[in-house]
Amino acid sequence: MITSAVVTSSVRQIHKRVIGFGSNVIDYWTRIKEFPPQAGAKYLFDSSPNERCKPLALPGGVILNQLAWIKALDSTVHTSLVAKQGFDSDGRFLRNCMRAARVSTKFVVLDKAVR
């Protein structure tokens, strides 16, 4: 992670910026009925689709999480992520979450090959 401070001559105001490079993923969380045994096979869900929990999708990745927390703790800091993301629904989800957390998507490169 790189930090920099820029001083504007006319106002003499310090602008704080934090730019993170890399890690941005979607973490999928789901509930299970019980822990599997130490040995052998065990079904984690009932066979009925109604008993299955839809996984909860949350934005994640060390760098993206750190940028979001920095912005949450100090709203005067400009945070940006430098990374690749896909054009798919997962990429759109991450960019929407970044905007909601006020982390800039200016340096996010969209790549059709990224999933």
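Reader: What makes the space of about 150 Å³ a pocket?

Author: The largest pocket holds about 150 Å³. It is called a pocket because, on a 1 Å grid over the protein atoms alone, its points form an open set with protein on both sides within 12 Å along at least five of seven lines. The volume is the space filled by probe spheres set on the points, which are joined across faces, edges and corners. The model is predicted: local features need pLDDT of at least 70 and side-chain atom pairs pLDDT 80 or more, while totals for chains, interfaces and linings use all residues. Residues are numbered from 1 along each chain as its sequence is written, and side-chain values use heavy atoms, without hydrogens and water.

Reader: How do you know that Asn 24 and Arg 115 line the largest pocket?

Author: Lining residues have an atom within 4 Å of a point. Asn 24 and Arg 115 are among the lining residues, as are Lys 84, Asp 88 and Leu 94.

Reader: Which element gives the largest share of the lining?

Author: Helix 2 does, with three residues. Helices are DSSP runs of H or I with at least four residues, and strands are E runs of at least two, numbered from the N terminus. The protein has two helices and six strands, in the order β-β-β-β-α-β-α-β.

Reader: What makes a residue of the protein count as buried, and what percentage of the 115 residues does so?

Author: Buried means under 20% relative accessible area, with a 1.4 Å probe and protein chains only. By that criterion, 21% of the 115 residues are buried.

Technical notes:
On a 1 Å grid over the protein atoms alone, a cavity is a set of points where a 1.4 Å probe fits but cannot get out, and a pocket is an open set with protein on both sides within 12 Å along at least five of seven lines; lining residues have an atom within 4 Å of a point. Buried means under 20% relative accessible area, exposed over 50%, partly exposed in between (1.4 Å probe, protein chains only).
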